[in-house]
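Below is a short report on a predicted model.

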Amino acid sequence: MTANFQALIGGKWIKKGSLGTFKNINPANTDDIIGEFPACGKEEVVKAVASAKEAQKKWALVPAPKRAEIIKRAGDLLSEQKEEIARLMTREMGKILIETLGDVQEGIDTAYYMAGEGRRMFGDTVPCELPNKFGMSIRQPVGVCGIITPWNFPMAIPTWKIFPALICGNGIVFKPATDTPATAVRFVEILLEAGAPHKLVNLVPGSGKVVGMAMLEHPDIRLISFTGSTQIGRVIAQKCGEYLKRCSLEMGGKNAQIVMDDADLDLALEGALWGAFGTTGQRCTATSRLILHKAIAEEFTRMLLERAAEIHIGDGLEEKTEMGPLINKAQQETIAEYVRIGKEEDKAKLILGGKALTKGKYRKGFFFEPTIFTGVKRHMRIAREEIFGPVLSILEAENLDDAIATLNDTDYGLSSSIYTRNVNKAFKAIRDIEAGITYINVPTIGAEIQLPFGGVKNTGNGHRESGHAVLDTFSEWKSVYIDYSGKLQRAQIDTDK
Ligand code: NAD
Ligand code: MN
């Protein structure tokens, strides 16, 4: 076994965790085992935190532009190894190669953006109310950050968290999803090769219940940055509340694309296909609901059906594949269960797909057909719950207000999209849609890293990743007052003198 499949605890790569090892399999072909990974436990978390805590003290003293050089080099290395990492990622989690290449590219973009922050990290300088007095705010590190990530963006999401955490001067304890530890290992190897201090960055693979929980309960982890389901996010928020840890949560979505009667239908069609079936629907920003203006509903549904039926399903490494497998057996069963629920609900009608693919070339993977329901109503479970698979629910709307009200009728608020050629309607949608991201004539997927990313309602807890907004998660503000008058000047009191 190579160093590729180890944990990094206290500057040492280890092959086995205190709970042994676990296997990482290819969801397109379960005979293909990517490797065995250490199943860490509380013991490793304790060591990792102690190491990160110690190393962070030195790291905090490294000038931010110097920290940035390491991050820039990590970006260069990601760029050099982009194709190789993308292939590994497709093998370990299934999405097609152009998407895994995009996932790595997002990491590269984030590296270069955050390297730039090494020479910015702006604070404020403000006039003081008293003479001969100076005021400013500066960003300081939080300390040791616990990073807990999902499997659907195995490189992009860890880089969204770890690069800003590092540029702000923090130490890292990183627990990747158990379905995608290999990409995480490659990322940490790159960080070390780029020059990150060995003891500062710790990689602790293992289960959420054991490793994740030990991180939540460790008092020296001052911050948890989590991306994953709303269900687990709640557990994390509760624990962090108990320990008064800062926590940034990016959770589920039930995103919708609206298509108005004045839209370019061909363009909206491309958007809907990419939004609903890209990454096999396993994106937090996936289009899970399509809200069609009644005047174009029938025609658009027909266009969609025709194209969705032709989607080529298979191994993501094969060039002709447009949609890969689901991540695992449990997810395949969940999707099948939602199809059953959808069929039984009121007047929803299954017009495409609905079945797991289990025969022939699909028999060794967790494949599922692109699935479309029409006649879906707002109250139905398939219109309300995050499914996280290639299942699209079509709802109809009378007009713009009805479309927006339908879009907003969800517990989530991550991404949203509207196709219209009417600028007034577009701006009304921008104002009235309740979501962290609104796209005009763009599908619900396609965020760029220089703007804030995150959601409202049950999708998030008020933090944002990406852009400069993420620095607010990974740094503490310190306000500094310097009085050079040589006497005691009392704020709010001596102001009239
Ligand atoms: P998940 O919530 O099951 O797991 C996420 C991570 O949390 C994993 O590393 C897991 O091991 C860990 N975890 C599980 N139980 C834990 C516990 N008790 N304590 C601490 N950690 C624990 O999510 P998933 O299945 O890996 O990912 C899919 C979900 O992620 C979807 O709901 C999706 O919408 C969401 N997601 C959200 C965003 C976003 O930015 N909003 C992005 C991608 C994915
Ligand atoms: Mn895997």
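## Helix pair

The axes of H3 and helix H6 (residues 181-194) come within 8 Å and cross at roughly 155°. Axes are lines fitted to C-alpha atoms, for helices over the stretch in contact, with angles from 0 to 180 degrees between N-to-C directions. H3 is therefore roughly antiparallel to H6 (angles over 145 degrees). Helices (H or I, at least four residues) and strands (E, at least two) are DSSP runs, numbered from the N terminus.

From H3, Glu84, Ile85, Leu88, Met89 and Glu92 meet Pro181, Ala182, Thr183, Arg186 and Ile190 of H6 (contact: heavy atoms within 4.5 Å).

Asn24 sits in strand E3 (residues 21-26) and Glu92 in helix H3 (residues 82-93), 68 residues apart. Both are buried (under 20% relative accessible area; exposed is over 50%, partly exposed in between; 1.4 Å probe, protein chains only).

## Cysteines

The structure holds 0 disulfides (a disulfide is a pair of cysteine sulfur atoms within 2.5 Å). For Cys240, the nearest cysteine sulfur, that of Cys247, is 4.2 Å away. Cys240 is buried, at 1% relative accessible area. Cys128 is partly exposed, at 21%.

## Conventions

Local features need pLDDT of at least 70, side-chain atom pairs count only at pLDDT 80 or more, and totals for chains, interfaces and linings use all residues. Residues are numbered from 1 along each chain as its sequence is written, chains are lettered from A and ligands numbered from 1 in the order written, and side-chain values use heavy atoms, without hydrogens and water.

Methods:
Angles under 35 degrees count as roughly parallel, over 145 as roughly antiparallel, 65 to 115 as roughly perpendicular and the rest as oblique.
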